[in-house]
Amino acid sequence: DGARAHYRERIAAQLKARNAVLVAHYYTDPEIQALAEATGGCVADSLEMARFGKNHPATTLIVAGVRFMGETAKILSPEKWVFMPTLEATCSLDIGCPADVFSDFCDQHPERTVVVYANTSAAVKARADWVVTSSIAVELIDHLDRQGEKILWAPDRHLGNYVRERTGADVLCWDGECIVHDEFKAKGILELKALHPEAAVLVHPESPASVVEIADVVGSTSQLISAAQQLDNPSFIVATDRGIFYKMQQLMPGKTFMAAPTAGNGATCRSCANCPWMAMNGLENTLAVLEDANGCGQEIHVDPEIARQALVPLDRMLAFGA
Ligand code: 13P
Ligand code: SF4
């Protein structure tokens, strides 16, 4: 309606005036994704967001996603101002892997190569040999395994188990989980599939093994979108955050996308396939940050020494995924 359009216009004007660009994740609200596209920003998976932010000539990045994405953007572009609509947007994987406890865990296994998922704090990345996102996790672990390396993986145990399963590598796993993907249930997906036998099952690898096992395709958000474009199936059961439906429906208006069932009914599931932290990114707080001279205090700062250390495994990630 008119009020929303007014927000969009003011944000677009501010982005231009401040030489800023909006970098959004597929899980953010469709309003944010549409605005990022309309203003020359990007909507992407976490690896592509990191690349886009680093390569874009804007002097200010507005990262609509969760905290680790803002930190990664800042570490890769220390000369840019990086803001988020709210710094409170975190991730259960990041919360479940405190840097000091993680560092002790690494100290106990000095013989292992430390590979951490992008969904971690800058301080955890600073302790790692490699950072990966879901789009390149299997390839990287396979590469390290072929070199005879033993892996210490953190923090997502489902993704860690999945890469171990796929590659046969020796992977010691931290015990973390994503509260969104952990809720998907194989039983519910199979029941839905029985009603829609023509549907292909698309699964993000942060989901439990029982769900990954019944998938037709397992991959990062971008990989799931491409798979839906390539497959001939008229419909899909999708086990990832429902924010992804915006892009899927936009690219494939003739296909049907169904949310994979979660653990409970609406009353008991923790997230109901919608990340509560991604949902914190809205038009209102995006505009507020852009209009305030100090960005409402939502600027990303990373300790320079931590940033220097974290840049090493992040650069390796970008080079490996190139
Ligand atoms: P992608 O790298 O697939 O975008 O995943 C990021 C994320 O937070 C998944 O929950
Ligand atoms: Fe973290 Fe899960 Fe939210 Fe992704 S969906 S940001 S992994 S809590």
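## Basis

Residues count from 1 along each chain as its sequence is written, while chains are lettered from A and ligands numbered from 1 in the order in which they are written. The model is predicted: local features need pLDDT of at least 70, side-chain atom pairs count only at pLDDT 80 or more, and totals for chains, interfaces and linings use all residues.

## Domains

The chain splits into domain 1 (2-90 + 278-300), domain 2 (93-173) and domain 3 (181-259). These bounds come from an automatic or database domain assignment. Between the C-alpha centres of domain 1 and domain 2 lie 28 Å. Nine residues from domain 1 and ten residues from domain 2 make the contact (C-beta atoms, placed from the backbone, within 7 Å).

On the side of domain 1 that touches domain 2, α3 (46-55) and α4 (67-76) are the elements that give two or more residues. α4 gives the most, with five residues. By class, this side of domain 1 has three nonpolar, three polar and three charged residues. Ala, Val, Leu, Ile, Met, Phe, Trp, Tyr, Cys and Pro count as nonpolar; Asp, Glu, Lys and Arg as charged; the others, Gly among them, as polar. Helices (H or I, at least four residues) and strands (E, at least two) are DSSP runs, numbered from the N terminus.

## The parallel sheet

Four strands build an open sheet, ordered β2-β1-β3-β4, with parallel pairing. Strands count as paired if DSSP finds at least two bridges between them. β2 (42-44) and β4 (81-83) are the edge strands; each has a single partner strand, so one side of each lacks a neighbour in the sheet. On average, neighbouring strands are turned by 20 degrees against each other, direction ignored.

β3 (residues 60-64) pairs with β4 in the parallel sense over three bridges. Leu61 has Val82 in β4 as its bridge partner. Helix α2 (residues 30-38) packs on the sheet and touches β1 (20-25), β2 and β3. The direction of α2 makes about 140 degrees with that of β1. Axes are lines fitted to C-alpha atoms, for helices over the stretch in contact; angles run from 0 to 180 degrees between N-to-C directions.

## Helix pairs

The axes of α3 and α4 come within 9 Å and cross at roughly 35 degrees. Their crossing is right-handed (the near helix is turned clockwise from the far one by less than a right angle; anticlockwise is left-handed). Ser46, Met49, Ala50, Gly53 and Lys54 of α3 meet Met69, Thr72, Ala73 and Leu76 of α4. That contact has five nonpolar, three polar and one charged residues.

Helix α1 (residues 2-17) and helix α14 (residues 283-291) have axes that come within 10 Å and cross at roughly 35 degrees. This crossing is left-handed. From α1, Arg4, Tyr7, Arg8, Arg10, Ile11, Gln14 and Leu15 take part; from α14, Leu283, Glu284, Thr286, Leu287, Leu290 and Glu291. The classes are six nonpolar, two polar and five charged.

## Ligand sites

Around ligand 1 stand Asp45, Ser46, Leu47, Asn119, Thr133, Ser134, Ser135, Cys178, Glu206, Ser220 and Thr221. A residue qualifies if its C-beta atom, placed from the backbone, lies within 6 Å of the molecule. The shell has two nonpolar, seven polar and two charged residues.

Ligand 2 has 14 residues around it; Cys91, Ser92, Cys178, Val180 and Cys275 come nearest. Ten residues of this shell are nonpolar, two polar and two charged.

How values were computed. Two residues are in contact if their C-beta atoms, placed from the backbone, lie within 7 Å.
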